[in-house]
Amino acid sequence: VGFSPLTGHETTVDMNPSGRPDSKHGLLYGLAAYGLWGLIPLYFKSVADVAPLEVLAHRALWSFAMLALLIGWLGRWAELRRELRSPRLLAMLALTSLLIAVNWLTFIYAVVTRQLLQASLGYFVNPLVSVLLGVVFLRERLRPRQVASIALAAIGVIVLPTLVGQLPWISLSLAFSFALYGLMRKVMPVDGMVSLAVETLVLAPFALVYLGYLAAHDQLTGQTPPTLGLLMLSGPVTTVPLLFFGAAARRLRLSTLGILQYVTPTGQFLLAVLAFGESF
């Protein structure tokens with residue numbers, strides 16, 4: 001059993017008959033998941049004309065719709081109902097819903113305002129913030145090299161505002177919101193897919209109210225059929241990489257997943273510089 005700082009989900013490692021992790025298929029699934037996350041800015045760039053908060057509302061709605069279909073197909077509605085019957089668990093999932101909403105909104109804003117470099121920095125720093133939170137809250141011990149890596153990350157965060165002349169709030173928001181999300185999910189005994197469905201279910205009513213308000217005041221920016229179709233794709237764009245990640249997590253060692261994780265911010269970094277023309 002392990003833990004991914006990127007998704008905050010507990011993972012298990014499947015073994016093949018030889019007793020070793022099924023690394024061949026796991027590597028392919030992992031590269032698919034982290035590669036798609038690295039390319040996800042291309043999707044949000046395609047809906048850049050839509051207000052970030054409106055994109056977030058659609059992402060919550062269509063993600064829940066797709067997860068509901070998957071849970072129904074897999075026959076796991078009983079698990080979803082069980083989570084909804086626990087007030088304590090529901091309260092914790094409401095808080096993780098808020099954290100993931102902040103993370104999603106910040107990332108969407110970074111893409112549409114041409115600040116993807118800051119976003120990629122946030123995801124480079126995120127694993128180290130997760131380690132730091134593990135030390136502080138879960139009493140995990142670090143080896144000397146791990147202490148040195150966290151110190152370097154802290155120095156980088158301190159130096160960056162001096163270089164860019166402003167507080168890198170996008171990087172810090174992404175790193176800490178996802179690290180806190182991961183910390184909470186670490187201590188919650190819930191399944192990844194079902195709990196993600198609950199989180200999007202918590203967000204869905206607010207998303208509906210917000211979209212209804214925009215429609216009533218004729219302020220929807222994503223109402224043309226082509227744009228609406230793109231916004232509906234936010235469901236699979238969000239959930240498909242998570243499904244690939246789940247398959248990888250069951251087949252790979254946690255250390256391997258940790259190395260693969262850096263495919264995502266590296267892809268985002270390259271897109272920012274080479275495709276979006278951001279200055280580095």
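How close do the axes of H5 and helix H12 come, and at what angle do they cross?

**View 1. Helix H5 meets helix H12.** The axes of H5 and helix H12 (residues 263–275) come within 8 Å and cross at roughly 165°. Here an axis is a line fitted to C-alpha atoms, for helices over the stretch in contact, and angles run from 0 to 180 degrees between N-to-C directions. Helices (H or I, at least four residues) and strands (E, at least two) are DSSP runs, numbered from the N terminus. H5 and H12 are therefore roughly antiparallel to each other; angles under 35 degrees count as roughly parallel, over 145 as roughly antiparallel, 65 to 115 as roughly perpendicular and the rest as oblique. The crossing of H5 past H12 is left-handed, a word used if the near helix is turned anticlockwise from the far one by less than a right angle, with right-handed used if clockwise. On the H5 side, Leu116, Leu117, Ala119, Ser120, Tyr123 and Phe124 meet Pro265, Thr266, Gln268, Phe269, Leu271, Ala272 and Val273 of H12. Contact means heavy atoms within 4.5 Å. This contact has ten nonpolar, three polar and no charged residues, where Ala, Val, Leu, Ile, Met, Phe, Trp, Tyr, Cys and Pro count as nonpolar, Asp, Glu, Lys and Arg as charged, and the others, Gly among them, as polar.

**About the model.** This is a predicted model, in which local features need pLDDT of at least 70, side-chain atom pairs count only at pLDDT 80 or more, and totals for chains, interfaces and linings use all residues. Residues are numbered from 1 along each chain as its sequence is written, and side-chain values use heavy atoms, with hydrogens and water left out.

**View 2. Along helix H5 and its surroundings.** Helix H5 covers residues 116–138. Its 23 residues reach 32 Å from first C-alpha to last, close to the 33 Å expected at 1.5 Å a residue; the expected span is 1.5 Å times one less than the number of residues. At asparagine 126, H5 bends by about 35°, and proline 127 follows within four residues. Such a bend is the angle between axes fitted to the seven residues ending there and the seven starting there. Just after H5, arginine 139 has a positive phi of about 60°. In the loop between helix H4 (87–112) and H5 you will find glutamine 115. Beyond its neighbours within four places in sequence, glutamine 115 touches Tyr109, Ala110, Ile170 and Glu278.

**View 3. Helix H3 against helix H8.** Helix H3 (residues 77–84) packs on helix H8 (residues 192–216) at an angle of about 55°, with their axes 10 Å apart. The two, H3 and H8, are therefore oblique to each other. H3 passes H8 in a right-handed crossing. Glu79, Leu80, Glu83 and Leu84 of H3 meet Val194, Ser195, Ala197, Val198 and Leu201 of H8. Sorted by class, six residues of this contact are nonpolar, one is polar and two are charged. Further along H8, look for a kink of about 30° at alanine 204, shortly before proline 205. Just after H8, aspartate 218 takes a positive phi of about 55°.

**View 4. Helix H2 beside helix H9.** Helix H2 (residues 52–74) and helix H9 (residues 225–232) pack at about 55°, their axes 9 Å apart. H2 and H9 are therefore oblique to each other. Val55, His58 and Trp62 of H2 make the contact with Leu228, Leu231 and Met232 of H9. These residues divide into five nonpolar, one polar and no charged. After H2 comes glycine 75, with a positive phi near 70°.
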